[in-house]
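The following exercises are to be worked through with the sequence and the coordinates at hand. Each task is followed by a solution in steps.

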Amino acid sequence: MSGASGCNLCPRNADVAQLVEQRFRKPQVTGSNPVVGSIQKMSASTNSVSIIVPTLNEEENIVPLVSQIIASAVPFQEILFVDGNSTDATVDRIRTLTTRYPIRLIEQNCADLGLAGAILSGARFAQGEILLVMDADLSHPPERIKDLLAPLFAASADMVVGSRYVEGGSTPGWPLWRRIVSRVGAALAYPLTGVHDSMGGFFAIARSRLLELAPQTSGFKIVFEAIVRGNGTLRVHEIPIAFRERMHGKSKMSFGVALRFFLRWLHVTFRRLIPGPSRPAETVKAFRVSSVEINPESLGVD
């Protein structure tokens with residue numbers, strides 16, 4: 001699908017062969033789709049956007065989500081679904097759409113990789129220069145995708161986050177307990193990030209930048225991690241969104257997710273308050289996903 005327009009239905013044979021060869025040669029993701037050019041030289045007409053959608057038991061949301069993305073008329077190169085070992089018909093629903101739309105599927109057989117791991121896996125396989133990450137449960141408004149991409153194409157931001165907690169943002173339909181937990185998490189993260197809503201999952205960033213700042217471990221809030229690891233070098237812009245309650249399926253929010261954030265927050269805060277001896281700049285190692293499986297059927301390969 002490299003170089004294809006947003007409406008091109010079939011990937012080029014060379015791209016398909018490369019992905020299949022990469023899958024069966026070795027499990028390590030090597031980042032074989034390097035960023036070409038720079039964000040400053042890009043325009044919306046390049047269609048160089050990969051939309052990454054992690055999924056886990058979202059069978060009822062796949063078709064409506066794709067329909068809404070298409071209806072938004074945003075220029076994109078591909079929708080890349082990264083499935084975390086769904087036990088329902090999610091994968092089958094995605095496969096039925098691969099013949100009609102520029103959609104690819106990555107299947108992860110290890111659920112322990114978590115949401116951040118799914119995003120990083122998608123980033124490694126993405127063919128676009130810009131990544132737009134969103135949930136599959138229809139809580140993130142597809143009609144706001146263009147607004148997230150615009151500052152990146154204008155080179156006025158390095159990361160754009162859909163925010164529930166700037167003026168104009170909202171969380172309609174949320175129960176009180178969830179609002180409290182989310183607000184507390186955002187408040188704790190703000191002194192470390194300068195961002196009102198670094199705990200969300202609706203964001204856009206250059207692929208090369210995300211891979212540069214991506215945490216070596218998976219399963220955490222990747223926006224928060226990228227900003228913290230950027231150490232003030234990321235220009236982050238927030239746009240207000242209405243974060244809707246899911247219509248179908250079960251929320252993936254859990255006590256474990258909240259606990260991991262709190263422990264990570266304590267770690268980062270402690271290091272800020274009590275800096276240790278100077279150390280060489282931290283480098284991000286290659287992200288290894290031993291359980292990623294590119295399904296040849298989903299790529300149109302017999």
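Predicted model: local features only at pLDDT ≥ 70, side-chain atom pairs only at ≥ 80, totals over all residues.

**Exercise 1. Determine how α6 and α8 pack against each other.**

Step 1. The axes of α6 and α8 lie 10 Å apart, at an angle of about 25°. Axes are lines fitted to C-alpha atoms, for helices over the stretch in contact, and angles run from 0 to 180 degrees between N-to-C directions.

Step 2. The two helices α6 and α8 are therefore roughly parallel; this class holds angles under 35 degrees, whereas over 145 is roughly antiparallel, 65 to 115 roughly perpendicular and the rest oblique.

Step 3. The crossing of α6 past α8 is left-handed, that is, the near helix is turned anticlockwise from the far one by less than a right angle (right-handed if clockwise).

Step 4. On the α6 side the residues are Ala 189, Leu 192 and Thr 193, which meet Phe 224, Ile 227 and Val 228 of α8.

**Exercise 2. How many residues of α8 are buried, and what follows the helix?**

Step 1. Helix α8 spans residues 222-230 and is mostly covered, with 8 of its 9 residues buried.

Step 2. The buried residues of α8 include Phe 224, Ile 227 and Val 228, and these three meet α6. Glu 225 is also one of the buried residues.

Step 3. After α8 comes Asn 231, with a positive phi near 50°.

**Exercise 3. Find the aromatic pair and classify its geometry.**

Step 1. A pair of aromatic rings is described by the distance of the centres and the angle of the planes. Rings of Phe, Tyr and Trp (its six-membered ring) pair if their centres lie within 6.5 Å; planes under 30 degrees apart count as stacked, over 60 as edge-to-face and the rest as tilted.

Step 2. Searching the whole structure gives 1 aromatic pair. Its rings belong to Trp 174 and Phe 243; the centres are 5.3 Å apart and the planes stand at 85°, so the pair is edge-to-face.

Step 3. The pair links distant parts of the chain, 69 residues apart: Trp 174 is in the loop between β5 and α6, and Phe 243 in the loop between β7 and α9.

Step 4. Trp 174 is buried at a relative accessible area of 6%, and Phe 243 is buried at 7%.

Step 5. The charged end of Arg 178 sits over the ring of Trp 174, 4.1 Å from its centre. That of Arg 164 sits over the ring of Phe 243, 5.2 Å from the centre. The criterion is NZ of Lys or CZ of Arg within 6 Å of the ring centre and within 35 degrees of the ring normal.

**Exercise 4. Examine the phi angles of Asn 57 and Ala 155.**

Step 1. Most residues other than glycine have a negative phi.

Step 2. Asn 57 has a positive phi, near 55°. Asn 57 is in the loop between β1 and α2 and is partly exposed, with a relative accessible area of 29%.

Step 3. Ala 155 has a positive phi near 60°. This residue lies in the loop between α5 and β5 and is partly exposed at 23% relative accessibility.

Technical notes. Residues numbered from 1 in each chain as written. Heavy atoms only, no water. Helix = DSSP H or I, 4+ residues; strand = E, 2+ residues; numbered from the N terminus. Buried < 20%, exposed > 50% of the residue type's maximum accessible area, 1.4 Å probe, protein only. Contact = heavy atoms within 4.5 Å.
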